[in-house]
Amino acid sequence: MNKKWWKESVVYQIYPISFLDTNGDGIGDLRGIMSKLDYLKDLGIDVIWICPIYKSPNHDNGYDISDYQDIMKEFGTMDDFDLLLREAHARGLKIMMDLVLNHTSDEHPWFIESRSSKDNPKRDYYIWRKGKNGGPPNNWESYFSGSVWKYDETTDEYYMHLYSKHQPDLNWENQRVIDGMHEMVEWWLKKGVDGFRFDAIAHIVKAAGLPDGDNPNHLPTVRAYDLFSNLENVHTLLNNLYERVLFHYDIMTVGETSGLGPEQALSYVGDTRNELNMVFQFEHMQLDAASGGSGKWNIRPWNLLELKKVMSNWQTVLHEQGWNANYWCNHDQPRSVSRFGDDTRYRVESAKMLATFIHMLEGTPYIYQGEEIGMTNIAFQSIDDYRDVETLNFYEEQMNEGVPEEKIMQVIWKKSRDNARTPMQWNISEEAGFTKGRPWIRVNSNYALINVEDALKDPDSIYYHYKKLIALRKEHEVIVYGKYELLLADDEEIYVYTRTLGGSRLLVILNFFGNEPELTLPHDLNLDTRELLVSNYPVKGDDDLSQTFRLRPYEARVYMLKA
Ligand code: NOJ
């Protein structure tokens, strides 16, 4: 058992722009985060992951960085950051920075120079190519719709951007880019930050020669993800970053790596790899998207058997080989209770059930701001209320293709990243207590029902369920290190698994739907010795566990048994 503090930790993710505004400009800020450190400490979390706070023109809410060593003016100053770090550390909380190494902003001084002329010394810091047959250099499609290439008149060439046109991709084949990035990472580490979430790290290497993707249908652009995701040289570069910089600090690292399964993930997080501690995988996030077509926007219903298959695979393959990062939600995904639970009738029960699932798995659990109070998706009637560049590009593309607006909006209501980006709901005062000004994006109108202040007053709230789950992790080693085993693999409504470590066995029972299915447990479980650790309904007398019993809607129970 390879023990590490980051395996025993719980991470809370903050999307600063929507967390808490203290100066009335409608945009969250560092002082806002600072004023809620005690709230986070009380919840019991260990690490705060803060989405990008660097200087940025904000085309993608900070994921377009124009100065890596400065703070976005809307969020505050470097002095505010230093104070935040000190205040967090004083409370025993760690801070993990979100770092974008794949691309910069088009307002970064490197890019301004790079685009100025073909013989500028920084030209080769980015990926420039001549056009082909009067069009872009290849047919790759951007994550945010359209080609990955943007034509630039100044030098009559195209630059690559896997995301928005304001996010040009860096050229990681250039040693000066590598050195510059290493220096910058070290600069933050010297300040005392406790780790990094490396954004889009799977994409820093592109296929040699930038070949066209397969295009049997002769489309203008194709999803050629395999030509710029998880290529072998990413590992060489990460290993180099580790050996030169990260290795010297006791930190935690998590990489954002779409497009891989657990076997491939081991090449990032395998104990002997010296690259990253864990990665965010996307397989469970794709269960409600049909493959092909317009990717995540191409919605289909998810089902539990597939979820079991995906999660069990990650649990099994990584056990004692690497480490999982477990999450339901973040700033790029819809709200978990709306997507995988029931955000109306069983909002509280299903939010608690989903939390129980994540926190009892092997791996580090991540909580996204507002998840601990069961915040839900929004459905703005007008596209004008949306802010996310991905959503706006999708809307425009679909309108141009003649798709009826009503149909587009229905997809956006389910999948837009803005679902998770509406302001944190602190209390029932105007704008949910997020700001005294006009929020940069509208608050969800359900804040009178769903807010932190009320959650703190209600001992049965989702918040206290999270608090309990986190506390249990600190009490029982089996929750951190136990080996996972799936039971009743074919049950379409109930998810049951155990975790075993030495003489302790955890039994996790989860009803994923609103029905009341009957459950028959396998006979070899030692039920006589059971102790109920946590549940989302009262369990007493007749409700208690027997070999066969009926579960209530979205019921979740965790028992401690003897192995
Ligand atoms: C992944 C981030 O999580 C997302 O918010 C961002 O738009 C892209 N990477 C580009 O940086």
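Asp 152 counts as buried, with a relative accessibility of 8%; buried means under 20% relative accessible area, exposed over 50% and partly exposed in between, with a 1.4 Å probe and protein chains only. Arg 115, at a relative accessible area of 24%, is partly exposed. The model is a predicted one, in which local features need pLDDT of at least 70 and side-chain atom pairs count only at pLDDT 80 or more, while totals for chains, interfaces and linings use all residues. Residues are numbered from 1 along each chain as its sequence is written, and side-chain values use heavy atoms, with hydrogens and water left out.

**Salt bridges**

Side chains of opposite charge can pair when their charged atoms come close. A salt bridge is a side-chain nitrogen of Lys or Arg within 4 Å of a carboxyl oxygen of Asp or Glu, and the structure holds 37 of them.

| Pair | N to O distance |
|---|---|
| Glu 256 and Arg 197 | 3.4 Å |
| Asp 454 and Lys 457 | 3.8 Å |

Helices (H or I, at least four residues) and strands (E, at least two) are DSSP runs, numbered from the N terminus.

Asp 454 and Lys 457 lie within helix 14 (residues 452-457), three residues apart, about one turn of the helix. Asp 454 is partly exposed at a relative accessible area of 30%, whereas Lys 457 is exposed at 59% relative accessibility. Elsewhere, salt bridges that share partners join Asp 60, Lys 296, Asp 332, Asp 388, Glu 390, Arg 417 and Arg 421 into one network.

**The ligand site**

The ligand is surrounded by 13 residues, the closest being Asp 60, Asp 199, His 331, Asp 332 and Arg 417; a residue is near a molecule if one of its heavy atoms lies within 4 Å of it. Of the residues in this shell, three are nonpolar, three polar and seven charged. Oxygen atoms of the ligand lie 2.7 Å from a side-chain N or O atom of His 331 and 2.5 Å from one of Asp 332. A polar side-chain atom of Arg 417 is 2.9 Å from an oxygen atom of the ligand. The protein covers 98% of the 300 Å² of accessible area that the ligand has on its own, as computed by the Shrake-Rupley method with a 1.4 Å probe.

**Two loop residues**

Asp 29 belongs to the loop between strand 1 (11-14) and helix 2 (30-35). Asp 29 is buried yet has no salt bridge, and Arg 31, the nearest side chain of opposite charge, is 7.2 Å away. The side chain of Asp 29 does reach the backbone nitrogen of Gly 32, at 2.9 Å.

Gln 281 sits in the loop between strand 11 (278-280) and helix 9 (304-318). Gln 281 is buried, at 4% relative accessibility. Its side chain and that of His 284 are joined by a polar contact of 3.0 Å. A polar contact is a pair of N or O atoms within 3.5 Å; within protein, one must be able to donate a hydrogen and the other to accept it, and residues adjacent in sequence count only if both atoms are side-chain atoms.

Conventions:
Nonpolar A, V, L, I, M, F, W, Y, C, P; charged D, E, K, R; others polar. Lys, Arg positive; Asp, Glu negative; His and termini not counted.
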